[in-house]
Amino acid sequence: MAELDWRAIVYPDTEAGSGDAGAAGYGHVRPAGLDTSHGVALYLDDISVSFDGFKALNKLSLTIGVGELRCIIGPNGAGKTTMMDVITGKTRPDEGQAWFGQTIDLLKLREAEVVAAGIGRKFQKPTVFEDLSVQDNLELALKADKRVRGTLRFRLNAEQRDRIEEVLGLIGLHDQAARRAGDLSHGQKQWLEIGMLLMLEPKLLLLDEPVAGMTDFETDRTAELFVSLAGRHTLMVVEHDMEFVRKIAHKVTVLHEGSVLAEGSLEQVQADPRVVEVYLGR
Ligand SMILES: Nc1ncnc2c1ncn2[C@@H]1O[C@H](COP(=O)(O)OP(=O)(O)OP(=O)(O)O)[C@@H](O)[C@H]1O
Ligand SMILES: [Mg+2]
């Protein structure tokens, strides 16, 4: 297989290798080069990760289809966050394969390259810029992006301004656009951070315990948001909140001791005696 040409991802509108790609007319931030012709967004095969001999992931294999909203559940220490670390290049597995679409070998990319390839990750704690307005946070998400930063003078084009409006609507913060981010509720900050990820139009979104600490109302709104994002984006959602999972899940994967224990509808996995034993029955 041909090596991934990094410049073709960073500067999709230019001929890779032309040298001054960053100065070329910059268009929209949109990951290019993702081949999902076989309907697969993410393919993990036989991934193992050891920490001092302890297997955090143990021959983990998982496939997520394009546009799918997949929930990942499993007890503490099952390896859910470690799996996201592998996908995003933070942790290198001892063995196994990780592919984004048909052609992007995630294990060959650095963390920033994974982001630029179209994978956005939401950590549990919101990390918005508290002193900036909601709107400025969304703009900053664009400016912080390598593909935009490479241009000499950064000015929002019409398409990017439209995208900010669109994202403000998606995350339900239209009325709060001018508000200082630090004054938002915990749940609103979480939405803003998701909005910042959405500015980069990720193909795949990884969300680690997104509703932890949210009120019931915020949790319900987040469920609606995720359902609305599926299709256009592929989502992998790790969550312990079963009511939330019930609202959004089509297919659920149960991790246990670093491997897939069960997979299916929430009803199917909840009825699986092995799942009841390790997790749900406790
Ligand atoms: N950097 C590390 N060094 C050593 N051990 C680690 C490291 N990261 C994770 N582990 C261990 O690997 C196992 C899996 O951890 P991980 O954080 O992936 O679990 P998790 O499924 O996300 O759990 P939780 O539901 O509590 O978030 C745990 O036993 C954890 O202690
Ligand atoms: Mg975790």
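I call a residue buried if 20 or more other C-beta atoms lie within 10 Å of its own and exposed if 12 or fewer do, with C-beta atoms placed from the backbone. This is a predicted model, where local features need pLDDT of at least 70, side-chain atom pairs count only at pLDDT 80 or more, and totals for chains, interfaces and linings use all residues. Residues are numbered from 1 along each chain as its sequence is written, chains are lettered from A and ligands numbered from 1 in the order in which they are written.

**Helix α8**

I looked up α8 (residues 216-229), and its buried residues are Thr222, Ala223 and Phe226. They sit on the same side of α8 because they cover an arc of only 105° around the axis, the arc being that of the directions from the helix axis to the C-beta atoms. On the face turned away from that buried side I found the exposed Phe217, Glu224 and Ser228. Covering the buried residues are, among others, β3 (69-73), β8 (234-238) and α9 (242-248). Just after α8, I noted glycine 231 with a positive phi of about 100°.

**Ligand 1**

Next I listed what surrounds ligand 1: Phe51, Ala56, Gly74, Asn76, Gly77, Ala78, Gly79, Lys80, Thr81 and Thr82. Helix α2 (residues 80-87) gives the largest share of this shell, 3 residues.

**Sheet**

Last, I traced an open sheet of 4 strands, ordered β2-β1-β4-β5 with antiparallel pairing (strands pair if DSSP finds at least two bridges between them). Its edge strands, β2 (54-65) and β5 (104-105), each pair on one side only. I checked one bridge too: aspartate 45 has glutamine 97 in β4 as its partner.

How values were computed:
Near = placed C-beta within 6 Å. Helix = DSSP H or I, 4+ residues; strand = E, 2+ residues; numbered from the N terminus. Contact = placed C-beta atoms within 7 Å.
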